[in-house]
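Here is a briefing on one protein model and its two ligands. Keep the structure open while you read.

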Amino acid sequence: MKHFLNLSDLSAADLDHLLTEAARLKDAQARRIPAHSLNGRVVGLVFEKPSLRTRVSFESGVAQLGGTSLYLPGNEVGLGWRETLADFARTISHYIDALVLRVYQHATLEGLAAHATIPIINGLSDWSHPCQGLADLLTVRELFGSERGRTVAFVGDGNNVSRSLAVGCGKLGAKFVLACPVGYGFDEKFLTQYRSKVSPDVPQELNDPVAAVRGADVIYTDVWTSMGQEAEREERLRRFASFQVNAQLLAAAPAHCKVLHCLPAHRGEEITDDVMDGPACAAFQQAGNRLHTQKAVLEWLLK
Ligand code: CP
Ligand code: NVA
């Protein structure tokens with residue numbers, strides 16, 4: 001049984017295949033070529049946290065491929081508290097063909113994957129956001145022709161989004177640099193996993209954003225306070241204040257540098273309006289790519 005929990009579980013060839021398929025699906029969708037690869041299939045979506053992009057792009061993607069989606073609010077299914085993860089997984093496997101989940105704890109996904117007989121797809125956990133990472137890589141490929149040899153400077157938190165992108169870049173030959181305040185970088189657990197599943201050369205951490213963007217082809221940022229970390233918000237606002245992606249930071253990067261953001265953006269915090277709405281920003285192209293990369297994932301898991 002194939003699941004989609006972390007990009008680190010995929011080979012470079014798998015990743016390349018998914019990106020190639022996503023580009024093909026994007027082109028087919030632009031030409032309105034009807035697709036039927038998910039005919040008769042039902043994809044469930046369980047969300048313990050809010051979402052715009054992940055939920056809507058999955059629901060639309062399933063519909064475009066001829067399947068049906070079923071939205072299940074997290075508080076209704078009660079993962080792990082209304083019934084055990086094992087009982088939930090063994091039951092829902094009889095009803096649907098794949099399950100996308102957005103959860104607080106990554107262990108919830110692992111617990112379900114251990115007992116489900118259908119693919120489990122990570123729609124964001126506290127550990128990783130592989131669907132986002134895949135769309136990020138497709139966007140870099142579109143912007144530069146190839147991700148290989150490009151440099152992504154992630155200015156922000158060592159979080160779910162940056163972990164997945166670091167892994168994807170490492171697998172496909174792009175350089176990834178993390179610029180963050182001391183104490184907010186990748187932890188030893190991640191670096192150990194990176195060494196064993198990606199490469200012995202772990203991503204560089206810099207604590208100076210200007211130094212990090214100097215050779216960057218892409219500057220990437222994400223919120224400073226992720227969902228579930230609300231109690232740390234004031235502290236994080238203080239610690240990350242000098243890591244804002246603004247015109248001054250962008251001016252320190254090469255002229256061709258593009259700006260990405262997984263969204264939603266907290267404008268005025270991690271990124272300014274002028275950068276978000278300026279010519280370097282490709283965040284909405286990137287958001288659009290969620291649709292195509294996830295359709296590729298669904299076909300890869302279900303076809
Ligand atoms: N980037 C992303 O996952 O967006 P949502 O939280 O809106 O799904
Ligand atoms: N790091 C953010 C990403 C949101 C898409 C969070 O987990 O809230």
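Five strands form an open sheet in the order 7-6-5-8-9, with parallel pairing. Strands here are DSSP runs of E of at least two residues, helices are runs of H or I of at least four residues, and both are numbered from the N terminus. Two strands pair if DSSP finds at least two bridges between them. This is a predicted model: local features need pLDDT of at least 70, side-chain atom pairs count only at pLDDT 80 or more, and totals for chains, interfaces and linings use all residues. Residues are numbered from 1 along each chain as its sequence is written, while chains are lettered from A and ligands numbered from 1 in the order in which they are written.

- The edges are strand 7 (204-206) and strand 9 (258-261), and each pairs on one side only.
- From one strand to the next, the twist averages 25 degrees. Axes are lines fitted to C-alpha atoms, for helices over the stretch in contact, and angles run from 0 to 180 degrees between N-to-C directions.
- Strand 6 (residues 175-179) runs parallel to strand 7 and is joined to it by 3 bridges.
- Leu 178 has Glu 205 of strand 7 as its bridge partner.
- Helix 7 (residues 160-172) lies across strand 5 (151-155), strand 6 and strand 8 (218-221). Helix 7 runs at about 155 degrees to strand 6. Contact means that the C-beta atoms of two residues, placed from the backbone, lie within 7 Å.

**Sheet 2-1-3-4**

- Another open sheet has 4 strands in the order 2-1-3-4, and its pairing is parallel.
- Strand 2 (68-73) and strand 4 (120-122) are the edge strands, each pairing on one side only.
- The twist in this sheet averages 20 degrees from one strand to the next.
- Strand 3 (residues 98-102) pairs with strand 4 over 3 bridges in the parallel sense.
- Ile 120, in strand 4, is the bridge partner of Leu 99.

**Overall build and domains**

- The protein has 13 helices and 9 strands.
- Its C-alpha trace spans about 55 × 45 × 35 Å along the principal axes.
- A compact globule of 303 residues would have a radius of gyration near 19 Å, and the protein agrees with its 19 Å. That radius is taken over C-alpha atoms, and the globule rule is 2.2 Å times the number of residues to the power 0.38.
- The protein is divided into domain 1 (7-129 + 289-302) and domain 2 (132-286). These bounds come from an automatic or database domain assignment.
- The C-alpha centres of domain 1 and domain 2 lie 24 Å apart.
- Domain 1 gives 23 residues to the contact, and domain 2 gives 25 residues.
- On the side of domain 1 that touches domain 2, helix 1 (12-30) and helix 13 (283-302) are the elements that give two or more residues. Helix 1 supplies the largest share of that side, 7 residues.
- By class, that side of domain 1 has 11 nonpolar, 7 polar and 5 charged residues. Ala, Val, Leu, Ile, Met, Phe, Trp, Tyr, Cys and Pro count as nonpolar, Asp, Glu, Lys and Arg as charged, and the others, Gly among them, as polar.

**Ligand shells**

- A residue is near a molecule if its C-beta atom, placed from the backbone, lies within 6 Å of it.
- Around ligand 2 are Leu 124, Asn 159, Asn 160, Val 161, Asp 222, Val 223, Ser 226, Met 227 and Cys 262.
- The ligand 2 shell has 5 nonpolar, 3 polar and 1 charged residues.

**Backbone to check**

- Most residues other than glycine have a negative phi, and most peptide bonds are trans.
- Leu 124 has a positive phi of about 120 degrees, although it is not a glycine. Leu 124 lies in the loop between strand 4 and helix 6 (130-144).
- Leu 263 and Pro 264 are joined by a cis peptide bond, with omega about 5 degrees. Pro 264 is in the loop between strand 9 and helix 12 (273-276).
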